[in-house]
Amino acid sequence: EIIEEEKPIIIEEFGYIMNDYKVIKDTIQKGESFGEILDRHHIDYPEIYKIAEAAKDTFDIRKLRAGKPYTILAKNDSTEQAQVFIYQPNKVEYLIVDFTDSIQTKFGRKEVKIVERTASGVIESSLSEVMESQGLNYVLALEMSDIYAWTIYFYHLQKGDNFKLIYEEKFINDTVPVGIGNIKAAYFVHKDQPIYAFNFVTDSTKNVNDYYDENAKTLRRQFLRSPIKFSRI
């Protein structure tokens, strides 16, 4: 019987093969500097200064924020000397400072997958309470308030008012949520009056969009003289 050896799983992230390095993941500590991090990973201060100078036109490394994650790719040998520093200011974007040979810096973005979702609810006391009870992102309440800012007083909702939504949710790595995209369509019944809202791109070159009802009329200025934003209340 011939037993085939299992091939190692190749892990790729940020455009690098992680298997080729010793990978150290950590978070920026309060008061911690870029120099302290690299010094801890066996880079001398004269070299740290050169790296910082080369990177400053792309990103000011003095602006590293406490609590944000970073990754060090170090030599996979006894020296364990850092080769690449990767800083993540948010879940999607990242900054690479590569000093393996020459010093190179660049920004990157993780691939974001957009999934279409639906949601609905009936108002008992407030819109935010409905969102919270269903585990929905509170941003949806703010987005809805902006869509209907010209037509509904959101701080005067009545018990029994109800809504339905079709919206986009964003993910990285298929499972990590990173925010809400567009609300594609909405239906809100307020005081027994249904109000539809359909997202339509009015200028594709500038990515400008607005919301219209089922008769292709803009929701702006239908009933209210000025918009009332729930997010400002």
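The protein has four helices and 12 strands in its secondary structure, and 36% of its 233 residues are buried.

**The five-stranded sheet**

- The strands β3, β4, β5, β6 and β7 form an open sheet in the order β3-β4-β5-β6-β7, and their pairing is antiparallel.
- At the edges of this sheet lie β3 (21-27) and β7 (104-109), each of which pairs on one side only.
- On average, neighbouring strands of the sheet are turned by 20 degrees against each other, when direction is ignored.
- In general, the strands of a sheet pair through backbone hydrogen bonds, and the pairing may be either parallel or antiparallel.

**Strand β4 and its partners**

- Strand β4 is mostly covered, since five of its seven residues are buried.
- Seven bridges join β3 to β4, and within this pairing Ile 24 has Ile 72 of β4 as its bridge partner.
- Ile 72 also stands opposite Phe 85 in β5.
- The strands β4 and β5 form a hairpin that has six residues between them, and Glu 80 in the turn has a positive phi of about 50 degrees.
- Strand β5 is in turn joined by four bridges to the antiparallel strand β6 (residues 93-98), where Asp 98 is the residue opposite Val 84.

**Aromatic rings**

- The model contains 14 aromatic pairs.
- One of these is the tilted pair of Phe 59 and Tyr 87, with 5.8 Å from centre to centre and 35 degrees between the planes.
- This pair links distant parts of the chain, 28 residues apart, with Phe 59 in the loop between α2 (45-55) and β4 (69-75) and Tyr 87 in strand β5 (residues 82-87).
- Phe 59 and Tyr 87 are both buried.
- The rings of Tyr 196 and Phe 198 make a stacked pair, because their centres are 6.0 Å apart and their planes meet at 5 degrees, which is under the 30 degrees that sets the limit for stacking.
- Tyr 196 is partly exposed, with a relative accessibility of 31%, and Phe 198 is partly exposed with a relative accessible area of 36%.
- Ring pairs also link Tyr 148, Phe 154, Phe 163 and Phe 188 into a cluster.

**Thr 118 in strand β8**

- Thr 118 lies in strand β8 (residues 112-122), and it counts as exposed because its relative accessibility is 62%, over the cut-off of 50%.
- Leaving aside residues up to four places away in sequence, Thr 118 touches Leu 165, Ile 166 and Tyr 167.
- The C-alpha atoms of Thr 118 and Ala 185 are separated by 9.6 Å, although these two residues are 67 apart along the chain.

**The whole chain and its confidence**

- Of the contacts between residues at least 6 apart in sequence, 54% join residues at least 24 apart.
- The protein exposes about 15000 Å², of which carbon and sulfur atoms supply 47%.
- The average pLDDT is 88, and 89% of the residues score at least 70.
- Over residues 223-228 the pLDDT stays under 50, and the model has 19 contacts beyond four places in sequence for this stretch.
- Where pLDDT is low, the predicted coordinates should not be read in detail.

Terms used: Residues are numbered from 1 along each chain as its sequence is written. This is a predicted model: local features need pLDDT of at least 70, side-chain atom pairs count only at pLDDT 80 or more; totals for chains, interfaces and linings use all residues. Side-chain values use heavy atoms; hydrogens and water are left out. Helices (H or I, at least four residues) and strands (E, at least two) are DSSP runs, numbered from the N terminus. Buried means under 20% relative accessible area, exposed over 50%, partly exposed in between (1.4 Å probe, protein chains only). Contact means heavy atoms within 4.5 Å. Accessible areas come from the Shrake-Rupley method with a 1.4 Å probe; for residues, only the protein chains shown count as cover. pLDDT is the predictor's confidence in each residue, from 0 to 100. Rings of Phe, Tyr and Trp (its six-membered ring) pair if their centres lie within 6.5 Å; planes under 30 degrees apart count as stacked, over 60 as edge-to-face and the rest as tilted. Two strands pair if DSSP finds at least two bridges between them. Axes are lines fitted to C-alpha atoms, for helices over the stretch in contact, and angles run from 0 to 180 degrees between N-to-C directions.
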